[in-house]
Amino acid sequence: MAKISRAFVCQACGAVTSKWSGKCGACGEWNSIIEEAAPSGPPALVAIKGGKGRASSRLASFETLSAATLDAPRLETGIAELDRVLGGGLVPGSAVLVGGDPGIGKSTLLLQAAARVAAEGARVIYLSGEEAPAQVRLRAARLGLADAPVALGTETNLANIVATLGSGAPPAVVIIDSVQTLWSENVEAAPGTISQLRGCASALISYAKTSGATLVLVGHVTKDGQIAGPKVIEHMVDTVLYFENLSGHQFRLLRAVKNRFGPTDEIGVFEMRFDGLKEVDNPSALFLSDHDRGAPGTSVFAGMEGSRPILVEIQALVAPSPLGTPRRAVVGWDPNRLSMLIAVLEARCGVRLGGHDVYLNVAGGLRLNEPAADLAAAAALLSSLAGRSAREDSVFFGEVSLTGAIRAVGHTDQRLKEAAKLGFARAVVPAVSGEGNREAKSMTLVPLSQLEELVALLAAPSG
Ligand code: TYD
Ligand code: MG
C-alpha cells in the first residue's frame, strides 16, 4: 500500500506546506491551513526512464483544429441576464462554477434557471446538499415554481451521485448546491477540504464531459478558511461566474470571470425581491440618481460593461484640506487612476489640488475598470472644485493620458445611443474617435483633444 504522508493545505489558495502555521505564506490568509492526506505524488516517469513505453501505455491520438463543429450548441435558460453572461446559454458537456457569498442568491438563481429549463422539457437534476427537500420546496413555492418538473435530490456522496446520474434517463443539466458539501470515501479528508473539493469536482466534470450533461457547481466564497473556497476549482471548470452584491443595495451582479465559450466582461444585473430574482434590463437607470443630476461635483459617465452600455454617475468632493497630506479616498474606482488624474490636472492644466482633500464615488455600488472613465472623473473633480455644475444634459467618456491628451476609446456608437435613449443631449468625447460613423445623431458632440479643453469647457458659462 502506498505510504500516506500528511501535508498542510491552505483552504483559501491550495498552497501545500509541511508544517502548520497560523498564516498562509502564499496568500496571507489567517487560520486557513488544515492537515490533509498528501497527494500520492507525481506519476512515476517510467516511460521516459525506461526508454520504451510501459506495456499498458496507450498511444495518444491527435486531431486537427478544423473540426466540423462550429459553434457550441446552447441550452438557453430563458433568464436573459444569465444567458448573456454565459455567452448565450449553457453549453452541453461543460462545467460551470457559480461562486458567491452565502446568502447572495445562488440557490435562488439556479432554482429559477432549473425550473425554466425543465419546463422546456429537458431533464434537470438539482442536488441540494445544504437544504432539506422541504426547504427547497418552500423556496420553490415562494418563487411560484412548485410545479416545475425538476428532479430534486439531497445526496452528497460522490459515488452515489455518479451511480444515480448513470442510471435512468440522462440529464441535460445537473446542479450541485453546493460543491463544498460533497464527499468521497476515496479521498482522505473531511468534506469541504481542498482534497475533497478537487476530487469530487473532477469526477463530476469528467462525468459531464463524457455524458454531455451541463454541470453547474455552486461554491460558497468563504472568509474563514473552514471550508475551501471555489477558487481552487476554477481551473478545472469551463466557466466561472461570480454573484456579487452591489454594495448596500438589493441589486445583484452576475459576472463571468472565466468563460471558455464566451466573453468574460459581461455582467448580468438582478434585483432580489420577495418573490425571487428579477432581471434588470435597464441598469443605467439604476446607476443614475435623479436628485443628484446636475449638482456640482457630479458627472455622468457613458461606460461599457462587456457588450452593454451603462450610464453611471460619478461623484466627487474636492475641499480645502486642514491636513498636511490631503486625503484621497475612492469608492468604485482605482485609487492609482485617481492619483494619476490629479497629477495630470496639476501638471498639464495648472489646476491646483495639492491642498485639497479629494473624494470620488461611483454611484450605485458599481466598480468601474474602464480607462474611459477618466474624462468623466476629471469633469466631476473640476465641477466640485469650481462649485459649478457640469451640465446635467451631458455625458462624458475618454481616456486621459499622462501627457494630458484625450485618447479614443471603443464603442462610441453604443455609448452615444444609450445616452440618447436616457435623454441626454450632449456628449463630451475624444476628438479622435475610434469609430467613424456616429449613429446617435440627436446628440451634440463636444470633441476634446486635450484635458485643458475640459477645464475651459467647464469654466465657460453654460447654456
Ligand atoms: P439563497 O439563494 O439561499 O442564497 P445562497 O444560495 O447564495 O446562499 O438566497 C438567500 C437570500 O435571499 C435570503 O437571505 C433570502 C433572500 N430571498 C429573497 O429575498 N427573496 C426570495 O424570493 C428568496 C427565495 C430569497
Ligand atoms: Mg444556497
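How do the residues of the shell around ligand 1 divide into nonpolar, polar and charged? There are 5 nonpolar, 6 polar and 6 charged residues. Here Ala, Val, Leu, Ile, Met, Phe, Trp, Tyr, Cys and Pro count as nonpolar, Asp, Glu, Lys and Arg as charged, and the others, Gly among them, as polar.

## About the model

This is a predicted model: local features need pLDDT of at least 70, side-chain atom pairs count only at pLDDT 80 or more, and totals for chains, interfaces and linings use all residues. Residues are numbered from 1 along each chain as its sequence is written, chains are lettered from A and ligands numbered from 1 in the order in which they are written, and side-chain values use heavy atoms, with hydrogens and water left out.

## Around ligand 1

The shell holds 17 residues. A residue belongs to it if one of its heavy atoms lies within 4 Å of the ligand. Ser107, Thr108, Arg139, Arg273 and Gly276 come nearest. Helix 3 (106–119), helix 4 (133–142) and strand 11 (267–273) each supply at least two residues of the shell. Helix 3 gives the most, with 3 residues. Helices (H or I, at least four residues) and strands (E, at least two) are DSSP runs, numbered from the N terminus.

Next come the polar contacts. A polar contact is a pair of N or O atoms within 3.5 Å; within protein, one must be able to donate a hydrogen and the other to accept it, and residues adjacent in sequence count only if both atoms are side-chain atoms. A polar side-chain atom of Ser107 lies 2.6 Å from an oxygen atom of ligand 1. For Lys106, a backbone N or O atom is 2.8 Å from an oxygen atom of the ligand. For Gly105, a polar backbone atom lies 3.0 Å from a ligand oxygen atom. Taken alone, ligand 1 exposes 550 Å², and the protein buries 75% of that. Such areas come from the Shrake-Rupley method with a 1.4 Å probe; for residues, only the protein chains shown count as cover.

Strand 11 is largely enclosed by the rest of the structure, because 5 of its 7 residues are buried. Buried means under 20% relative accessible area, exposed over 50%, and partly exposed in between (1.4 Å probe, protein chains only).

Two strands pair if DSSP finds at least two bridges between them. Strand 10 (residues 251–259) runs antiparallel to strand 11, with 5 bridges joining them. Gly268 in strand 11 is the bridge partner of Leu254. Strand 12 (residues 276–279) is also antiparallel to strand 11, joined by 4 bridges. There, Leu277 is the bridge partner of Met272. A hairpin links strand 11 to strand 12 through 2 residues.

Which way do the residues of strand 4 point? Ala95, Leu97 and Gly99 point one way, while Val96, Val98 and Gly100 point the other way. With 6 of its 6 residues buried, strand 4 is largely enclosed by the rest of the structure. Strand 8 (residues 214–220) pairs with strand 4 in the parallel sense over 6 bridges. Leu215 in strand 8 is the bridge partner of Ala95. Strand 9 (residues 239–245) also runs parallel to strand 4, joined by 5 bridges. Phe243 in strand 9 is the bridge partner of Gly100.

Ser94 sits in the loop between helix 2 (80–86) and strand 4 (95–100). Ser94 is buried, with a relative accessible area of 2%. A polar atom of the Ser94 side chain lies 2.7 Å from the backbone oxygen of Val91. Not counting residues up to four places away in sequence, Ser94 touches Ala208, Ala213, Thr214, Leu215, Asp238 and Phe261. Contact means heavy atoms within 4.5 Å.
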